[in-house]
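This report describes the architecture of a protein model. Please read it alongside the sequence and the coordinates.

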Amino acid sequence: MKVLGIETSCDETAVSVVEDGTNLLSNVIASQAEMHAKFGGIVPEVASRQHLLTIIPTIEEALNQSKCDLSDLDLIAVTNGPGLAGALLVGVNSAKGLAMAGGNIPLIGINHLSGHIYASWLDEEPETMSEFPFLCLVASGGHTDLILMKQHSEFELIARTRDDAAGEAFDKAARILGLKFPGGPEIEKISKLNNKSYPKLPRPLIKGSLDFSFSGLKSSLIRYAEEKKWYPKNNNTIDPEDISEVASAFQEAVVDTLIRNTLKAIEQYNVNALILGGGVTANSLLREKAKLKSPVPVIIPSPKLCTDNGAMIATAGYFEYESLGTNQLHQWDMDAIPNLKLG
Ligand code: KG4
Ligand code: ZN
């Protein structure tokens, strides 16, 4: 069964063809990161306009690379939320147009977070991926959630962030330190220059809850940068070694916080494995520490499949359709839902 996956919820126009949920036939990603970098973050209007320009060539390229045309597709899966309204609309309407042009190809709307979780099915052995229940940590630019996956398409949200998402915290920290957007990969890169990790930054804890909070950590970083006269931005020269110390301290604090709550959740819920997904889980320190500390096997997609892509949407589409059948299919009135919830 061949599924075309379309993802436009944020700043990547991404389209992929996946066969039977696990066999990647093409994975095309047109990134807008450089376009948004000059603004220090994602500008929603710029994102939706750029999706409009790139969506058709990206679909064509994904079909070409997979040697498929519309008549070969059994299903079209598209992210219909959560995300930026204007950006989501481009994907949803393109998917509807393609489905209609292909002679009523079945159409399914996919929750972006379900997509990040299903990315793991692309790299792993099917036997490992049938041992439900799983605990899933989805950490991205917009979300930091712990989700219990009881079965295919059966999710329960057990914790979320009360303020910033982990990726948002990395992006803001990078801006405070004068680094480029997106901040996560920049912080990771500069942290490698040095691993002194100074000063020790807080690991925010919400008593009696598995929820996350990152805004206090960001405030500590701002205070440190103000003392050093790096922030607000001015003409002072900053020694990259100094930045690398505090960037590394920040990265450790975010990773420790994510791991601490995840381990507590593994203890509370009787799960057979831990699945990581979302852009932040491309971070090598997080990947290493999760594998080192988890008492259950850890499943993490390759870094390229952690950040937004169309393959994860195609895979989620395949398994949701397989498990829930035609009831799960959407009709022509499918809409973009910017605050779509999972479970
Ligand atoms: O999942 P994603 O591609 O898009 C959203 O759904 O938001 O995640 C993007 C986020 C950004 O905040 C980016 O800074 C962060 O993931 N990120 C990382 C790394 N690569 C991307 N954070 C930490 N370390 C990385 N290597
Ligand atoms: Zn994402």
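## Basis of the model

This is a predicted model, in which local features need pLDDT of at least 70 and side-chain atom pairs count only at pLDDT 80 or more, while totals for chains, interfaces and linings use all residues. Residues are numbered from 1 along each chain as its sequence is written, chains are lettered from A and ligands numbered from 1 in the order in which they are written, and side-chain values use heavy atoms, with hydrogens and water left out.

## Two open sheets

Helices (H or I, at least four residues) and strands (E, at least two) are DSSP runs, numbered from the N terminus. Two strands pair if DSSP finds at least two bridges between them. One open sheet has five strands in the order β3-β2-β1-β4-β5, with mixed pairing. Its edges are β3 (23–31) and β5 (107–111); each has a single partner strand, so one side of each lacks a neighbour in the sheet. From one strand to the next, the twist averages 20°. Strand β2 (residues 12–19) pairs with β3 in the antiparallel sense over eight bridges, and Ala14 stands opposite Ile29 in β3. Helix α2 (residues 44–65) lies across β1 (2–7), β2 and β3, at about 20° to β2; axes are lines fitted to C-alpha atoms, for helices over the stretch in contact, and angles run from 0 to 180 degrees between N-to-C directions.

Strand β9 (residues 273–277) pairs with β10 in the parallel sense over two bridges, and Ile275 has Ile299 in β10 as its bridge partner.

## Nonpolar cores

A nonpolar core is a set of buried Ala, Val, Leu, Ile, Met, Phe, Trp, Tyr and Cys residues joined through side-chain atoms within 4.5 Å. Buried means under 20% relative accessible area, exposed over 50%, and partly exposed in between (1.4 Å probe, protein chains only). The largest core holds 48 residues, of which Phe250 and Leu258 touch the most other members. Helix α8 (residues 240–268) supplies the largest share of this core, twelve residues.

Beyond its neighbours within four places in sequence, Phe250 is in contact (heavy atoms within 4.5 Å) with Ala169, Phe170, Ala173, Leu201, Leu217 and Leu221. Another core, of 33 residues, lies apart from the largest one and includes Ala119, Ile275, Ala311 and Leu329.

## Aromatic pairs

Rings of Phe, Tyr and Trp (its six-membered ring) pair if their centres lie within 6.5 Å; planes under 30 degrees apart count as stacked, over 60 as edge-to-face and the rest as tilted. By this rule there are ten aromatic pairs. The ring centres of Tyr224 and Trp230 are 5.9 Å apart and their planes stand at 75°, so this pair is edge-to-face. Both Tyr224 and Trp230 are buried.

Ring pairs also link Tyr118, Trp121, Phe132, Phe134, Tyr318 and Phe319 into a cluster. Tyr318 is buried, at 11% relative accessible area, and Phe319 is buried at 13%.

His112 and His116 both lie in helix α4 (residues 112–118), four residues apart, about one turn of the helix. His112 is buried at 6% relative accessibility, and His116 is buried at 1%.
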